[in-house]
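Please keep the structure in view while reading.

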Amino acid sequence: MDRMNFPTALRPREWRYVPSGERDLRIDLLRGFAVFAMAVDHILGVSVLHGITGGNRFLVSAAEAFVFISGATVGIVYSRRAATEGMGAVVRRAFGRAWTLYAIAVWLGLAFAGASALFGLPKGAAFDADPLRFAFEVATLQRTFYLVDVMLLYAFLMLMAPAAIWALRRGLWWLVLGCSVALWGAYQPWPGPLTLPWAITDNPVFNVAAWQVMFFPALLIGYHRDRVGQALRRVPRLPVPGGWALPLAAVLGVLIWLHVTDASALDRFGHSGSGAAWLDSWFDKSALPLPRLFACAVVFGLAWLLATNAWKPLSTAFGGFLLPLGQSALYAYSAHVVIVCAVEVTAFHALGPKVLSGEEPLSHSSALLLHGGALLALWSATRIQLFESVVKWLGRVPVALRRSQ
């Protein structure tokens, strides 16, 4: 068939992403998917959508993708800012971003905890016992709350980012990478002494020493984006359909099989259940051991190849929903915390505490309807910036209080 008459939608070569402008829409699409996955994983119930997101139980979660993409974005944006405005502007912007993250995490944490206590949810027990002490501990970063812990991690990483940008401007990429890997490596055998910046109550997962390894190597990649892109283009293409996507998809298939079967094939080498114990140990989300980082590399690499080589069908099918979430990721994440709180309060009183605890789970169809409605509410709130004035006010209140002292 003549190529000129062949439908564009059926020409894979026409599917590739074509850059237009400074903003890379592939990053927005993938970050939007990470927000979508976190929302689905955090909203009550188990639906068919968990087959796409992993249900926060897979060997890789959306949190790693969110932190990795954030690091890459910081590298891209702040490399330009450092070149045009100098390191002073980088420090001011990074510290301002960290302050905003801290302020939103504190206010959202207090609001979620307060609402939980007011409506009798088990999550609100600590707040209900001593509200003033709880508020003081949250404000002084001694305690955090459900779903806002990752925002505190991001705030600490942003405080550290200017030092990495300064080193990268002086060609010390090896120092940034070496320090990041060394800190992560030291955390694996000694998690207790390396609980950084300090032990925070109700923060069992997002320790800075381990999780910074998702952020700073990504920041390095973003900073040297053009060089990394040139290096990747020199990698020989595999002589198979799909190129490197095929072996990555095959490895992902093995990871999915291990997850679905709880690595039962390994039970023959030990006691019953040893495969599940192996998965828990080697893919621990809090420590991010090497097998989990390998799984992240596989998933991220495959996702990038798909976003690059199948951009047109993916953006046509899902761009209208995912791009707004990715382009306003912090706002979307904050809004999703509000939606999760509203869902849990409603479910607790309308359906009973056993639904919330999982003793009497929702049916899959009911969970799908709930997830669909919550996602529509999240997308709508993000598109119209429903809580924009509230979010801005939350970020400004601590500044106003500080200036009044």
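## Contacts around His 224

Two residues are in contact when they have heavy atoms within 4.5 Å of each other. In this predicted model, His 224 touches Leu 168 and Trp 173, when residues up to four places away in sequence are not counted. His 224 is found in the loop between helix α9 (208-223) and helix α10 (225-233).

Is His 224 buried or exposed? Its relative accessible area is 16%. Buried means under 20%, so His 224 counts as buried.

## The nonpolar core

The largest nonpolar core has 115 residues. Met 158, Trp 211, Met 214, Phe 215 and Leu 219 have the most contacts inside this core. Helix α4, which spans residues 87-118, gives the most to the core, with 15 residues.

Which residues does Met 158 contact, leaving aside its neighbours within four places in sequence? The partners are Val 74, Tyr 78, Ala 94, Arg 97, Ala 98, Leu 101 and Phe 215. One of them, Phe 215, is also listed among the residues with the most contacts inside the core.

## Cysteines and disulfides

A disulfide is a covalent bond between the sulfur atoms of two cysteines. The structure holds zero disulfides. Cys 296 is buried, with a relative accessible area of 2%. Cys 341 is likewise buried, with a value of 12%.

How values were computed: Residues are numbered from 1 along each chain as its sequence is written. This is a predicted model: local features need pLDDT of at least 70, side-chain atom pairs count only at pLDDT 80 or more; totals for chains, interfaces and linings use all residues. Side-chain values use heavy atoms; hydrogens and water are left out. A disulfide is a pair of cysteine sulfur atoms within 2.5 Å. Buried means under 20% relative accessible area, exposed over 50%, partly exposed in between (1.4 Å probe, protein chains only). A nonpolar core is a set of buried Ala, Val, Leu, Ile, Met, Phe, Trp, Tyr and Cys residues joined through side-chain atoms within 4.5 Å. Helices (H or I, at least four residues) and strands (E, at least two) are DSSP runs, numbered from the N terminus.
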